[in-house]
Every structure is written in structure tokens, then in C-alpha cells.
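Here are a few exercises to work through with the model open in your viewer. Try each task before reading its solution.

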Amino acid sequence: MTDKTREAMELRSQTFCPNCTEAILMTYAKELGLTEDQARNLGSNFGGGMKCGSVCGAITGGLSVLGGLGISDPTSVAYFRRKMTENHDGMMNCADLLRVNMQNGGQKKPHCDAMIAEAIELIEEMRQK
């Protein structure tokens, strides 16, 4: 677990418990030249799959951070999406991911925490390349 992953998990344990996108953006806020409030505001409409079950907020947050770090070429973006979906039977939509998680007896918060951690670990891997 990277320091960034630990930081995101600390944010998620706080009373206000940011959504997946907010947690990832807030973790990288300083590096992106943002305050935590600005990062939270930027990510506020992407939790829960854009608040409608669409693309997972951890994926959206991860792609946002990659763009902010200057990693935006089509090959890198495709790599990030592919790695995230490969680990989840090709799924990238929040509603699908949560449905399968629940069918397997999982709870929402641990599932979302794992998605956040996975996205951050992948961001950090890609930064090293």
C-alpha cells in the first residue's frame, strides 16, 4: 500500500466520507495545485457513477488525476481503463460493480475503498513509467 493509498483511506474514514472521486482528487490535491475543498468540489458530481450508476468514481477520479499529472495520451488512458476493467470482469459502471459486489455478499464501503486503492496503486505504477 502506497502513502497515497493510506492518505485516501484516512480521508474515507473521516465523518464526511468523501465519494470515490473526491477521495482520489483530494489525495492528489496539493500536487495538482488545488486545495482539498477545490478537489472535493471538482469530484462531487462523479460519486456513485456520476450520481446515476454510470462510470465508477474511482475510475473517473483516477483518470482526472492522470490528466492533471500530464498523463493523458490515448495509450495511457486506455491502459488505465483496461487494467481497471480487467480486474472486474470488464465492468466499469458503478451500478454493475456494486450489484455484483452485493450478490457476492460484499458491503459497499469496503468495495469502494478497494476500488479507490486499486486506482491509486495504478496511478502510482503509471507515474513510475
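A crossing of two helices is called right-handed if the near helix is turned clockwise from the far one by less than a right angle, and left-handed if anticlockwise. Keep in mind that this is a predicted model.

**Exercise 1. The crossing of H7 and H8**

Task: Work out at what angle the axes of H7 and H8 cross, and which hand the crossing of H7 and H8 has.

Solution: 
- Step 1. Start with the axes: those of H7 and H8 come within 10 Å, and they cross at roughly 125°.
- Step 2. Now classify the angle. Angles of 65 to 115 degrees count as roughly perpendicular and those over 145 as roughly antiparallel, so H7 is oblique to H8.
- Step 3. Assign the hand: H7 and H8 make a right-handed crossing.
- Step 4. List the residues in contact. H7 contributes Leu97, Leu98 and Asn101, while H8 contributes Lys108, His111, Cys112 and Met115.
- Step 5. Sort them by class: four residues are nonpolar, two are polar and one is charged.

**Exercise 2. Two residues around this contact**

Solution: 
- Step 1. Locate Lys108: this residue belongs to helix H8, which spans residues 108-128.
- Step 2. Look at its partners. Beyond residues up to four places away in sequence, Lys108 touches Leu98 and Asn101.
- Step 3. Turn to His88, in the loop between helix H6 (74-86) and helix H7 (94-103).
- Step 4. With residues up to four places away in sequence set aside, His88 touches Leu97, Met115 and Glu118.

**Exercise 3. The largest nonpolar core**

Solution: 
- Step 1. Begin with the core itself. It has 31 residues, and Ile24, Ala58, Phe80, Met84, Ile116, Ile123 and Met126 touch the most other members.
- Step 2. See where the members come from: helix H1 (3-13), helix H2 (20-27), helix H5 (57-68), H6 and H8 each supply at least two residues.
- Step 3. Zoom in on Met126. Apart from neighbours within four places in sequence, Met126 is in contact with Leu66, Ile71, Ser76, Tyr79 and Phe80.

Note on methods:
Residues are numbered from 1 along each chain as its sequence is written. This is a predicted model: local features need pLDDT of at least 70, side-chain atom pairs count only at pLDDT 80 or more; totals for chains, interfaces and linings use all residues. Side-chain values use heavy atoms; hydrogens and water are left out. Helices (H or I, at least four residues) and strands (E, at least two) are DSSP runs, numbered from the N terminus. Contact means heavy atoms within 4.5 Å. A nonpolar core is a set of buried Ala, Val, Leu, Ile, Met, Phe, Trp, Tyr and Cys residues joined through side-chain atoms within 4.5 Å. Buried means under 20% relative accessible area, exposed over 50%, partly exposed in between (1.4 Å probe, protein chains only). Axes are lines fitted to C-alpha atoms, for helices over the stretch in contact, and angles run from 0 to 180 degrees between N-to-C directions. Angles under 35 degrees count as roughly parallel, over 145 as roughly antiparallel, 65 to 115 as roughly perpendicular and the rest as oblique. Ala, Val, Leu, Ile, Met, Phe, Trp, Tyr, Cys and Pro count as nonpolar, Asp, Glu, Lys and Arg as charged, and the others, Gly among them, as polar.
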